[in-house]
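Dear colleague,

Please find the structure below, handed over for your study. My notes on what was found in it follow directly after.

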Amino acid sequence: MDLRFPEAEPTLAEVQALDAAVGPSLVAEGWEREYGGAHRAEALRHRLLPALHALQDRVGYISPGGLGELCRRLDVPPAEAYGVASFYAMFSMRERPVRVAHVCADLACQALGAGALLDAVQAQCGDPNQTGVPGTWQPSPCLGLCERGPAMLVTEAGDPAHEAVVAPAIADDVAVALRVGPRNFGVEVPVVAAVPQAATPAGAAGLVLLQRVGIVDPASLDDYRAHGGYQALRNAVTMGPLDVIREVTESNLVGRGGAAFPAGRKWAAVANQPVRTHYLVCNADESEPGTFKDRVIIEGDPFSLIESMTICAFATGCEQGYIYLRGEYPRACEHLQHAISVARDHGYLGANVMGLGFSFDIEIVRGAGAYICGEETAIFNSIEGYRGEPRNKPPFPVEVGLFGKPTVVNNVETLVNVIPIMLHGGAAFAAVGTPASTGTKVFCVSGSVSKPGVYEVPYGMTLREMIELAGGVPAGRSLTAVLLGGAAGSFVPADDIDFPLTIEGAREHNTTLGSGVVMVLDDTIDLLTFLRRIAAFFRDESCGQCVPCRVGTVRQEEALVRITLGRQSRAENELDVALLREVGRVMRDASICGLGHTAWSAIESAIDRLGALQGVDA
Amino acid sequence: MNMLHETPVGLPRRAVTLQIDGDDVKVPEGSTILDACKSHGTDLPTLCYGDTLDPVNACRVCVVEVEGSRALVPSCSRPVESGMVVHTDNERARHSRKMVLELLGSSVDLSAAPRVYGWMQQYEADPSRFGDVNTMKTVRQPAKVDNDLYVRDYSRCILCYKCVDACGEQWQNSFAIAVAGRGFDARISTEFDVELPDSACVYCGNCIEVCPTGALMFKTEHDMRAANTWDEDAQQQTTTICPYCGVGCNLTLHTQDNTIVKVTSPHDHAITSGNLCIKGRFGFQHVQTFARD
Ligand SMILES: Cc1cc2nc3c(=O)[nH]c(=O)nc-3n(C[C@H](O)[C@H](O)[C@H](O)COP(=O)(O)O)c2cc1C
Ligand code: SF4
Ligand code: SF4
Ligand code: SF4
Ligand code: FES
Ligand code: FES
């Protein structure tokens, strides 16, 4: 390729940031001869996303000079790099203040007063997205801190960059964040505060996946081993790859990321591919509003994820693993980075893991603010340095995945389930829960409950019992509905909560567990505001690739706003509801990926089951 | 490059039988459903499909129902399988096709895309259902006129990705343009939206060749449309060989009133597949300037 690069010069800070992130120009003399043109471009391309992070972290935005220098070093066409950078919400393509407060405006936080917070912030700090000031703020989608909303993430560009989460946040916190930055906020509350069951011995006794959260030191490999860590991997190696996959298949473990696909089948499919290399991608993008379980697992017990991934890699023949971690998770990133380097230093990752005769290593890829990158093929494009657009299926990831190679993609929670399976066997695992939904499940309970947090229970508890476990709706209020599965899920009405939270139970109830979101609404919450937020979320997060979703999510939001403003006649509203159904149908039928397929589900369920849009006519 | 269109030499392809709208259809293995529909005489609308490009299956106007598949399937990219049962024209497929056309029509100026207009009538698509065109979100914007050769009017852009693929590794290897932004804000752009003369564009015009909506247009056509003198019915097309170098690309000269108004190139040409360089595509301006002198 003979590329043409922009003439704008990078600043010294940008040069230094790129020196640290990608080194000097990799397009050195001789590279081409050694590796060949096409290969060179591919070899460099996957460094694009980390390099963009480096620029954003250092100067607070992506400048023409910085982007041009990055393109020269990585041999990426500037138009493409611009296309990639502008895809992500965390990257600003215009000069922006170094300090930015991201104030959550999403569903669970709305139940906890985010609406009032945003109004107060506006009054105290002025409009969002200001320029020419040291700090500004902007509303944000769910930050994965729903158990202690309303939440805020503060970022400050510099050398080094700083970040802090503040939750619950008040308007004064935002003002301080803009003036002084993230370093002003003390240590975050311990992660175990998100696990109410851990507070009582009886509750703690029932925890399997979360048993070490708050108990082990997440920074200590020794402590992890002292609490049973790495026994599962030893068992796996003793069994051999075939038996590991047999046990996982027998356990009937299904994916916890939303699609409930059998893990054993996925692993077997990759293990059987003669093509090498095989890759393992751990999906820790966790951007479904109301989901925060993977954050709790990673923050509280990072070695368990590393061990699980190592077991999976051993069984499926993966040499390299990637953890695609949500960009807005500073503490999870820190704990995971530390744990990976400690594990590597002690021979638990790298060539010849634990002297057991196989190689495996893990790299963290930080996401940059795009819900769609959690989709299992968009995640590949994002890691490879392309726009995070879903790919066409077939071919499926087990055949043609990351870098075009057979790839296992699993959710964090799915992976850590492999530890109890290796310790006690697939049959013992399958004995927990129901025959079709085996093992325990971590639910993210948020909204109007007294004790929001993650709850781990054997599959089979009813929705009512789950709400009670989380302390029920606060005194003096009454339950109106539950949003199951997040924005991509659906509402169930208050009088229909006696069905079991199992995959089959949800399906029979025409709903879905999705990623395990149980968002509880009471009579203080304005359902119409909630619905508008859901519509806005999908409009914001659509990747824009296909027409039904790119335009449909916009028309859906417009119609919903028209109806809920309450200024239309009944006849006009009826026409708009009919329009919503038609738009919803084409999104479900003809979109490329799950985002479009589900963009109408929650709104449809609110109309059909909650009667949400009745009586709003003028 | 273009794997779908490479015909393996010497290896006869196995035939696959599938059912389309109740009829058995036999096509070579590796064909797409769209190929099979063509051979069966079934006409499907397509927008992002390009006969010289890899399918991106983004517009979804060509979707059909395949029994056993939960969602509808893009016919332009899905390979046929033996025993597949395809419905191209049932209520479900028609609904999606109509909605795709309506959604596009509600947000994009399709007035320079006559084929689309025909399909909108065929499927009874009525974009005005979505509300007041003045308050609805659309991609309306001024045309970008930043060079003498061609105009980019992205208020006509349906984001079919074809120009990007023609400019990138499938043909031109210039990478002057890419998709930027996300969601409804997604758009075709140079880096930081710089003007074409400051970009990597070499004015081959291969993007114009594949653009299905007139978003990319010869400056001559743009100016004539603005002056209300553009009249396709009064135009003639003559295919000739480019005189500028020895490659021998085919040029189709579109003339109106004895003046060349635009240049295209036959897509079925074995070597160039519709692609030209600046000289073949835009050199006519020199010819005419010459003639006038
Ligand atoms: C728009 C969209 C976003 C998604 N986000 C996530 C995510 O953040 N984390 C996740 O594990 N799965 C997510 N998924 C599901 C993945 O596509 C995939 O099914 C999952 O990672 C597979 O892992 P599992 O089988 O272990 O669940 C998402 C799917 C869609 C359509
Ligand atoms: S459905 Fe939406 S998110 Fe998925 S590919 Fe289409 S536009 Fe992108
Ligand atoms: S004229 Fe050629 S180089 Fe310029 S944008 Fe179009 S395809 Fe790319
Ligand atoms: S400019 Fe034309 S070819 Fe390019 S994406 Fe838009 S409609 Fe397609
Ligand atoms: S952190 Fe605000 S909704 Fe999740
Ligand atoms: S023509 Fe098939 S999806 Fe666009």
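The shell around ligand 1 divides into seven nonpolar, 10 polar and six charged residues; here Ala, Val, Leu, Ile, Met, Phe, Trp, Tyr, Cys and Pro count as nonpolar, Asp, Glu, Lys and Arg as charged, and the others, Gly among them, as polar. The model is a predicted one, in which local features need pLDDT of at least 70 and side-chain atom pairs count only at pLDDT 80 or more, while totals for chains, interfaces and linings use all residues. Residues are numbered from 1 along each chain as its sequence is written, and chains are lettered from A and ligands numbered from 1 in the order in which they are written.

In total, 23 residues surround ligand 1, each having its C-beta atom, placed from the backbone, within 6 Å of the ligand. Among the closest are A:Gly255, A:Asn411 and A:Gly594. Strand 8 of chain A gives the largest share, three residues (strands are DSSP runs of E, at least two residues, and helices runs of H or I, at least four, numbered from the N terminus).

Chain B is divided into domain 1 (3-8 + 15-90), domain 2 (94-130) and domain 3 (150-292), with bounds from an automatic or database domain assignment. The contact between domain 1 and domain 3 of chain B takes 10 residues from domain 1 and 12 residues from domain 3, where contact requires C-beta atoms, placed from the backbone, within 7 Å. On the domain 1 side of chain B, the touching residues comprise six nonpolar, two polar and two charged. The C-alpha centres of these two domains lie 29 Å apart.

With kind regards

Notes: Two residues are in contact if their C-beta atoms, placed from the backbone, lie within 7 Å.
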